[in-house]
Amino acid sequence: MHRNDYVLEKDRLNESRVFRDPIHRYIHIYHLPFWQLINTKEMQRLRRIHQLGGTHQVYQTAEHTRFPHSLGVYEVVRRMLELETFQGQLNDYERLSVLCAALLHDVGHGPFSHSFEHVFAVSHEDFTRRIILDPDTEVNQVLASYHPKLPEDVASIIEKTHPNPLLIQLVSSQIDGDRMDYLLRDSYFTGTSYGNFDMERILRTLRVKNKQIVFKESGVQAIEDYILARYHMYWQVYYHPTTRSYERLLILIFRRIRDLYQQGYPFENPMPYLMPFIAGEDVSVEAYLKMDESCLLYYFSLLEETKDAILSDLCTRFLSRKLFKYRNLKDEADYARIRDQLEKLGYDVNYYLAMDDPKQTPYIHYGAGHEVEEIQILRPDGSIHLLPEVSEIVHAIVESKLDKQDKKVYFPKEVKNWI
Ligand code: CA
């Protein structure tokens, strides 16, 4: 079968399925391929990976996982495709591909995503692609049963290498199904209002022009609000110093486990699913998928009882939320002073001192020649402009270089009077 011959209606479910959802009210599944993908073990694994890693240590209700977020991205993209402006723009095979990409875009995430990736030098993007392309996964088998090229096409949308920019923009751009869902969802589940914006308005002003997504000028205020929402969410939620403190602790635990492993330390309990990572092996897709947050937390509770005092202590701190204290870092000399002080107090600074310096840019202005990556605005006269040319607020943000960086140092709470 040629790709253009695929007919989505032929795979319509006799009865549609719905998932209740606090953000979109209902997630609608009308077609068999999406229902089958949701029921694969790789998608179901996302129920054991928190959407926000350690953020529930600050916002205690942020317990939502990557599973409902993935359904949410699918629903936003599905709603976009229903807009009048999309009629006649995509064939059924392209619709199938982009909705599968929306569902699967996060399938390669590991436990406590960013810290885990940082320590073990694995990337969720890489594993997302491998899970989709590996003939042994259920995800791949479902996709390939519809068309032999579908796994590759879905992966290329997520990787942004697909020849049709419209498909990429729907799932991954400065204003896309992914970002719109996570801002609304994370805002709801943290109980903060920063991430709220008027998605209905944005969808109403969305148009397709020359195979690209643009927004009518009357939607600019809603888009400005969306950009500021995202900026505030970064500093109030995603980069909250307490979340970062929890993540530092996680990194230090992994570091200690790895160092002990390299010294031949006799771990009292086997940790088969963690070992390929610790040993620095080339981790297979099968081994990667075994690793989730339930598994890691179980290992940490075992390691609380290990003989090594440092590892046991770090695991207790992690499980009982005895997090490190943090402070703004002034300069290199400041860091050296804290390190010396900790050493004098008897701490091994390899495991009791950490720093980080996240950065966030509210709107990335790529300029002419990179229109696909920018938010584009359609004027009533039919002309198309980059967002900073139309929005004074976004223009001011780009000009003011509001890129904020926040350098912090983390150390045990009990020494704070000494530091
Ligand atoms: Ca996502």
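Because the model is predicted, local features are reported at pLDDT of at least 70 and side-chain atom pairs at pLDDT 80 or more, while totals for chains, interfaces and linings use all residues. Residues are numbered from 1 along each chain as its sequence is written, and side-chain values use heavy atoms, with hydrogens and water left out.

The secondary structure of the protein chain consists of 21 helices and 11 strands, where helices (H or I, at least four residues) and strands (E, at least two) are DSSP runs numbered from the N terminus. The radius of gyration of the chain is 23 Å, close to the 22 Å that the globule rule gives for 419 residues, so the chain is as compact as a globular protein of that length; this radius is taken over C-alpha atoms, and the rule is 2.2 Å times the number of residues to the power 0.38. Along its principal axes, the C-alpha trace spans about 70 × 50 × 35 Å. Of the 419 residues, 57% count as buried, a term that stands for under 20% relative accessible area, with exposed meaning over 50% and partly exposed in between (1.4 Å probe, protein chains only).

Side chains of opposite charge can pair when their charged atoms come close. The structure holds 23 salt bridges, each defined as a side-chain nitrogen of Lys or Arg within 4 Å of a carboxyl oxygen of Asp or Glu. One of them joins the side chains of R3 and D153, with an N to O distance of 2.6 Å. This pair links distant parts of the chain, since R3 lies in the segment before β1 (12-21) and D153 in helix α8 (residues 150-158), 150 residues apart. R3 counts as partly exposed at 29% relative accessibility, whereas D153, at 10%, counts as buried.

A positive surface patch is formed by R321, K322, K325, K413 and K416. Such patches are made of residues with over 30% relative accessible area and no salt bridge, like charges being joined within 9 Å and nonpolar side chains (Val, Leu, Ile, Met, Phe, Trp, Tyr) within 5 Å. Lys and Arg count as positive and Asp and Glu as negative, with His and the chain ends not counted; the place of a charge is taken as NZ of Lys, CZ of Arg, CG of Asp or CD of Glu. Accessible areas come from the Shrake-Rupley method with a 1.4 Å probe, and for residues only the protein chains shown count as cover. R321 is partly exposed, with a relative accessible area of 41%, and its phi is near 55°, a positive value in a residue other than glycine. A positive phi, near 60°, is also found in K211, again a residue other than glycine. K211 lies in the loop between β3 (206-209) and β4 and is partly exposed, with a relative accessible area of 38%.

Distances in sequence and in space can be set side by side for two residue pairs. V214, placed in strand β4 (residues 212-216), counts as buried at 1% relative accessibility; V214 and L378 are 164 residues apart in sequence and 6.2 Å apart in space, C-alpha to C-alpha. L303, in helix α16 (residues 293-303), counts as buried at 4% relative accessibility, and L303 and R337 are 34 residues apart in sequence and 31 Å apart in space, C-alpha to C-alpha.
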